[in-house]
Every structure is written in C-alpha cells, then in structure tokens.
Amino acid sequence: MKNHNKTFFDWFKDTIFVDENASKTLRKLADGPKRNVITWQGYDINKYSFYTKAQDEKSTMQNSGFTLRAESQHFTCVHDHNPCVASIPYFGFIDKIWEVNYVKFSVCVFKCKWVDNNTGVRTDDVGFTLVDLKKLAYHNDPFIMAEQAK
C-alpha cells in the first residue's frame, strides 16, 4: 500500500498524458494541484456542517464525527458467479479540511481518523450506535472526498 501510494501519481500522470482520448479534467488532475492548499475549520456540504476535531474542542457543537458507507462485492468461494453487495459503515472524525485547487476546479477533502469497526463500534440495548473515538485503525487511508461524509 505504501509503495502504491508513493508511485501512483507518477503512474497516473504517465498514463493520462499518453492517452489521446483523456478528458481535460483528467489532464488537469494528472498535472497535479497548486502547491498552496486552503484549510478550513468548518465546511458545509450535503446539508450538514462539518468541523475539525480541533474546532469541536472550542465549541459546544460537536460536528467532527461522520460516517461513510462503503460497498463491496463478496463471493462465497472462488467458483461463485453471483456475488452479493455488502454495505459497511465506517466511522471517524475529521482531523483536517483541505480545499485542493486544480486551477479550473477545486476539490474539498477531509483528512480523517478512522475508528476500528471491530473494537470501537457497538450497538447498545436500545439500538444506538456507540463509537469510541479513541480506538483508531485504518491509518493508510486518511482521506475522503467531502461529499462522501454523512
């Protein structure tokens, strides 16, 4: 994973620039963003207001937590030709909010800390989901697109 993350940008750039059919948007992405990044303490998207954990500590409102649903195909065995789609919720909190500028467009990303689904998430007797923000995991994938957060 570390090697993939290290080499992805060069691979992406090399792949896009030799493809004559690549869109202008893909070419801008392959060119990379501007070096200066706008940071935010809060961000409104999807009818929600999100804050960083640092901002939460200064306020009575707690809006740094979020959930993201990930879908993946699951197979029962190698010969299974009918996979089922599973939807798994992941929970975390926002560490940083960055607006990355690609000149023609900007993209907002959240740098997150993820809670371990195995040890940090449980459902109580009434059906409420309880999330322990001290039990962290999944350190290799800290970023999500802001519009993915709920």
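Okay, let's start at Thr52: skipping residues up to four places away in sequence, Thr52 touches Trp40, Gln41, Ser64, Ile94, Asp95, Lys96 and Ile97, where contact means heavy atoms within 4.5 Å. Thr52 sits in the loop between β3 and α3 (53-56), and with a relative accessible area of 2% Thr52 is buried. For the cut-offs, buried is under 20% relative accessible area, exposed is over 50%, and partly exposed is in between, with a 1.4 Å probe and protein chains only.

Quick housekeeping. This is a predicted model, so local features need pLDDT of at least 70 and side-chain atom pairs count only at pLDDT 80 or more, while totals for chains, interfaces and linings use all residues. Residues are numbered from 1 along each chain as its sequence is written, and side-chain values use heavy atoms, with hydrogens and water left out.

Now the overall picture. The protein chain has three helices and ten strands; those are DSSP runs numbered from the N terminus, H or I of at least four residues for helices and E of at least two for strands. In sequence order the pattern goes α-α-β-β-β-α-β-β-β-β-β-β-β. The radius of gyration is 19 Å, well over the 15 Å that the globule rule gives for 150 residues, so the chain is more spread out than a compact globule. That radius is taken over C-alpha atoms, and the rule is 2.2 Å times the number of residues to the power 0.38. Along the principal axes, the C-alpha atoms fill a box of roughly 60 × 50 × 30 Å.

How much of the chain is buried? Buried residues make up 25% of the 150. The accessible surface comes to about 11000 Å², and 53% of that belongs to carbon and sulfur atoms; the areas are Shrake-Rupley with a 1.4 Å probe, and for residues only the protein chains shown count as cover. Looking at contacts between residues at least 6 apart in sequence, 47% join residues at least 24 apart.

On to the core. The largest nonpolar core has 13 residues, and Phe50, Phe66, Phe110 and Ile144 touch the most other members. A nonpolar core here is a set of buried Ala, Val, Leu, Ile, Met, Phe, Trp, Tyr and Cys residues joined through side-chain atoms within 4.5 Å. β4 (65-74), β5 (84-101) and β6 (106-115) each supply at least two residues of this core, and β6 gives the most, with four. Take Ile144: beyond its neighbours within four places in sequence, the contacts of Ile144 are Phe66, Leu68, Cys108, Val109, Phe110, Cys112, Trp114 and Ala149.

Lys47, in the loop between β2 (42-45) and β3 (48-51), is exposed at 88% relative accessible area. Lys47 and Lys150 are 103 residues apart in sequence, yet 9.2 Å apart in space, C-alpha to C-alpha.

Phe75 is in the loop between β4 and β5 and counts as partly exposed at 47% relative accessibility. Leaving out residues up to four places away in sequence, Phe75 touches Asp80 and Pro83.

Last one, Thr129, in strand β8 (residues 129-131). Thr129 is partly exposed, at 44%, and apart from neighbours within four places in sequence, Thr129 is in contact with Phe91, Val121, Arg122 and Thr123.
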